[in-house]
Amino acid sequence: MHSMSRRKVAIITGGNSGIGYALAERLLADHDNIRLCLACRSRERAEKAAAKLQKLSADAEISIVILDTSNVQSVYSAARDIEQRYDHIDWLYLNAGMLKVKGVDWSNFWEGLFSKRVLFMFTTGEGLLIQEDGVTDDGLQKVFQTNVFGHYVLIKELEAKLGNMSGNGEAVSQLIWTSSSASLEYNFDIEDFQHKKGKDPYSSSKYATDVLSVGLNNRMNKQNVYSHVMCPGLVMSNLTYEILPQWFWVLVLPFLWLMRLCVPTMTNSASNGSEALVWLSHQDPSQLDPQSKFQSSVTACGKPYVETTKMNIDHNKVETLMQKLDSLDADLRKKYKNA
Ligand SMILES: NC(=O)C1=CN([C@@H]2O[C@H](COP(=O)(O)OP(=O)(O)OC[C@H]3O[C@@H](n4cnc5c(N)ncnc54)[C@H](OP(=O)(O)O)[C@@H]3O)[C@@H](O)[C@H]2O)C=CC1
Ligand SMILES: CC(C)CCC[C@@H](C)[C@H]1CC[C@H]2C3=CC[C@H]4[C@H](C)C(=O)CC[C@]4(C)[C@H]3CC[C@]12C
């Protein structure tokens with residue numbers, strides 16, 4: 001079939017809630033006749049979200065796939081389901097993510113509030129969260145596997161459906177990662193890329209995401225596959241409700257709106273936070289810098305827009321991380337696929 005008449009396919013990991021769900025709503029509004037797939041770990045939550053979306057657009061094809069990014073066997077099985085369903089993937093949104101918090105460091109918060117670091121603190125959360133991590137059944141660090149590695153395995157498993165590998169020489173695919181402004185280089189150690197020893201697994205995982213995205217461009221651009229990272233800003237979602245209760249966030253919302261006067265990344269709503277994800281779906285990815293990061297932002301009046309920043313990620317770090325991920329992937333493949 002000619003690519004002009006082919007229906008576009010978008011897959012969204014973690015599409016049942018928050019930013020992923022808002023993205024699904026907005027893609028339905030922006031792209032006629034789209035085929036949307038929510039790749040989620042809970043069938044119940046995925047079906048509920050799919051039913052809500054179907055009500056918004058009776059014509060769209062909305063389906064679900066069960067995917068737990070913290071379990072490689074679940075990733076293999078989700079990839080098989082996706083492969084059977086679609087000839088080609090236009091947008092693969094790597095959005096699912098976790099942040100496990102034991103508590104807020106309020107003494108750092110009060111100290112930071114009256115210091116020069118205040119804006120940095122609010123945009124990155126640096127030093128404010130006491131985090132937890134764990135080890136998955138695959139023996140990997142949980143935050144790393146959920147946010148980064150599970151997605152990397154998914155991409156590798158779906159390679160035959162991406163870009164010109166899907167059989168059409170002109171077909172293009174976009175890999176679009178939900179990263180974060182909490183991605184800070186100094187929280188990532190290439191020798192401890194899973195962050196077994198550190199105290200900020202979330203920031204480390206998001207920096208690893210940025211590094212990996214550059215590596216995927218190096219490897220896959222020639223096959224018409226382009227990878228980009230974006231930041232949603234600070235969004236009220238289940239992720240933030242697990243840090244502090246929803247009523248607290250509702251209470252401080254006027255303060256967060258006020259902050260928009262000097263901090264445009266106070267997007268607050270999932271819809272605003274998804275701005276750069278939607279914007280990327282309208283771009284020709286071959287024209288975008290692989291080292292760019294796209295930030296969802298809002299004006300003081302609440303109008304969303306996208307700001308572009310440059311990442312400047314070190315080439316050696318990119319290559320080393322890719323090798324380490326490939327070696328981990330090969331070990332797990334041997335364990336589960338040759339068993
Ligand atoms: N909220 C914010 O301020 C910011 C969020 N982000 C990033 O945005 C992304 C979306 O988060 P957000 O919408 O805020 O929060 P939500 O908690 O609403 O969304 C997270 C999604 O990821 C899914 N998920 C979590 N773990 C897994 C797993 N092991 N396998 C499959 N899916 C999983 C969740 O599923 P389930 O519903 O089953 O839990 C949920 O659908 C994340 O990557 C997050 O790091 C980045 C910057 C700021
Ligand atoms: C008066 C309130 C606003 C006080 C809340 C204090 C903290 C709990 C929060 C302040 C800043 C928040 C965050 C900033 C950056 C986010 C980052 C971009 C992300 O990806 C995940 C969530 C954040 C770390 C978020 C978490 C809560 C705060 C630290």
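**View 1. The shell around ligand 2 holds 11 nonpolar, five polar and no charged residues.** Ala, Val, Leu, Ile, Met, Phe, Trp, Tyr, Cys and Pro count here as nonpolar, Asp, Glu, Lys and Arg as charged, and the others, Gly among them, as polar. There are 16 residues around this ligand, and Gly 125, Leu 128, Ser 180, Ala 182 and Val 252 come nearest. A residue is near a molecule if its C-beta atom, placed from the backbone, lies within 6 Å of it. A word on what you are looking at: this is a predicted model, in which local features need pLDDT of at least 70, side-chain atom pairs count only at pLDDT 80 or more, and totals for chains, interfaces and linings use all residues. Residues are numbered from 1 along each chain as its sequence is written, while chains are lettered from A and ligands numbered from 1 in the order in which they are written.

**View 2. Ligand 1 is surrounded by 31 residues.** The closest are Gly 14, Gly 18, Ala 96, Gly 97 and Ser 237. Helices α1 and α8 (238-241) are the elements that give two or more residues to this shell. By class, the shell around ligand 1 has 11 nonpolar, 17 polar and three charged residues. Helices (H or I, at least four residues) and strands (E, at least two) are DSSP runs, numbered from the N terminus.

**View 3. Strand β2 (residues 35-40) has five of its six residues buried.** Buried means that 20 or more other C-beta atoms lie within 10 Å of a residue's own; exposed means 12 or fewer, and partly exposed is in between, with C-beta atoms placed from the backbone. Strand β1 (residues 9-13) pairs with β2 in the parallel sense over five bridges, and Val 9 has Arg 35 as its bridge partner in β2. Two strands pair if DSSP finds at least two bridges between them. Six bridges join β2 to strand β3 (residues 61-66), again in parallel, with Ile 62 in β3 as the bridge partner of Leu 36. From β2 the chain crosses through helix α2 (residues 43-56) to β3, in a right-handed β-α-β crossover. Right-handed means that, with the strands pointing away from the viewer, the path from the first strand over the helix to the second runs clockwise. Together, β1, helix α1 (residues 18-30) and β2 also make a right-handed β-α-β unit.

**View 4. The largest nonpolar core has 80 residues.** Such a core is a set of buried Ala, Val, Leu, Ile, Met, Phe, Trp, Tyr and Cys residues joined through C-beta atoms within 7 Å. Ile 11 and Tyr 93 have the most contacts inside this core, and helix α6 (residues 142-157) gives the most to it, with eight residues.

**View 5. Strand β8 (residues 225-231) is largely enclosed by the rest of the structure, because seven of its seven residues are buried.** Val 225, Ser 227, Val 229 and Cys 231 point one way from β8, and Tyr 226, His 228 and Met 230 the other way. In a regular strand the side chains alternate between the two faces of the sheet. Strand β7 (residues 173-178) pairs with β8 in the parallel sense over six bridges, with Ile 176 opposite His 228. The pairing of β8 and β9 is parallel too, over three bridges, and here Met 230 stands opposite Phe 294.
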